[in-house]
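Here are my notes for you to read alongside the model. Have it open on your screen and follow along point by point.

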Amino acid sequence: MSKLPINDLDLKQWKEYDHVWTNSWWDIPKRDTSNGHKLDYHGNFVPQIVQQALWRYTKAGDVVLDPFIGSGTTAIECLAQGRKVLGVDIQAELITKLTDRFNDVCFPDFKTGLDQQERVKLHKQAAFVHGNSASVETTSLLKDHLAALGNGFAQLVILHPPYDDIIKFSDHRGDLSNLTSTDEFYFQFELMARNCYRLLEPGRYAILVIGDKYRDGELVPLGFECMDRMRRTGFRLKGTAVKSMVGNEAKGKNAGLWRRRALAGGFFTFDHEYVMVFQRALKESKRR
Ligand SMILES: C[S@@+](CC[C@H](N)C(=O)[O-])C[C@H]1O[C@@H](n2cnc3c(N)ncnc32)[C@H](O)[C@@H]1O
């Protein structure tokens, strides 16, 4: 099991790392479109979040688990930066698309009966799994993939779940955007967090990107509630950053309407979401 360091930064050169953010205000005026990143999926995040996470919390060759891979922003960035990636989504068609797109570096169907040594020899860097990240069945499948990609653990987990039902991603049962209540969303989120905790190598990090929502004139603090669920799971909270959504392509269209609603309803328009950083302790603490 690896000990620190958990990245490739050389602290003797720390003054050269201006591009690596350590402040808690993330102003990202424009989506990075290098490496083939596109705004082609409603609800995908900006690649810069993944870049920051990879620079700070991974080394070349590490395996990154994304249990809500969506259009594959995490995958594109990981492969561009020499990291391996394991992505999960509840929508089979997204998984097929990603497997086709990264065909040359991707494990094909896992049920081919290859033993682990044979898999390692393939030098594969990516695997995409169709499944529900909150389920135990998916977790045991992921364990196999992590063994094939590396040492059986993920070295970073990137979580970008649905923000409850703000965007409905699919009609699938188990889709976190398609549950019967916000309480059920928290419950399933926590199951997913527990699965990821077990798959993350001790000492390594998890990033959660999430925003809040309004319902019936009341703010529903999805961010703080999910932070709480992560901590209950055993993750240590290392930091929170606020990411500006000013300039967000989708939000921009309705900005006037939201301002009017805010003036009428006594609330604020959302101009931010959260990037939260957690760590699985190297050794479990007996006292919590
Ligand atoms: C906010 S999007 C992630 C977008 C991604 N970061 C990107 O840049 O494309 C959330 C994704 O989670 C998927 N999803 C929802 N519930 C899920 C579950 N229980 N297990 C796995 N994936 C799920 C949705 O299909 C959707 O693609």
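**Notes on the ligand site and its surroundings**

1. Start at the ligand: one of its nitrogen atoms has a polar side-chain atom of His160 2.9 Å away. That's a polar contact, meaning a pair of N or O atoms within 3.5 Å. The protein hides 99% of the 610 Å² of accessible area that the ligand has on its own (Shrake-Rupley method, 1.4 Å probe).

2. A quick word on the source: this is a predicted model, where local features need pLDDT of at least 70 and side-chain atom pairs count only at pLDDT 80 or more, while totals for chains, interfaces and linings use all residues. Residues are numbered from 1 along each chain as its sequence is written, and side-chain values use heavy atoms, with hydrogens and water left out.

3. A polar one from Ser133 sits 3.0 Å from a nitrogen atom of the ligand, and one from Phe45 is 3.2 Å from a ligand oxygen atom.

4. Who else is around? There are 25 residues around the ligand, and Tyr41, Ser71, Thr73, Asp89 and Asn132 come nearest (around means a heavy atom within 4 Å).

5. Now look at strand 4, residues 126-130 (strands are DSSP runs of E, at least two residues, numbered from the N terminus). Of its 5 residues, 4 are buried, that is, under 20% relative accessible area with a 1.4 Å probe, protein chains only.

6. Strand 4 runs parallel to strand 3 (residues 84-89), with 5 bridges joining them; pairing takes at least two DSSP bridges. Val85 has Ala126 of strand 4 as its bridge partner.

Conventions:
Buried means under 20% relative accessible area, exposed over 50%, partly exposed in between (1.4 Å probe, protein chains only). A polar contact is a pair of N or O atoms within 3.5 Å; within protein, one must be able to donate a hydrogen and the other to accept it, and residues adjacent in sequence count only if both atoms are side-chain atoms.
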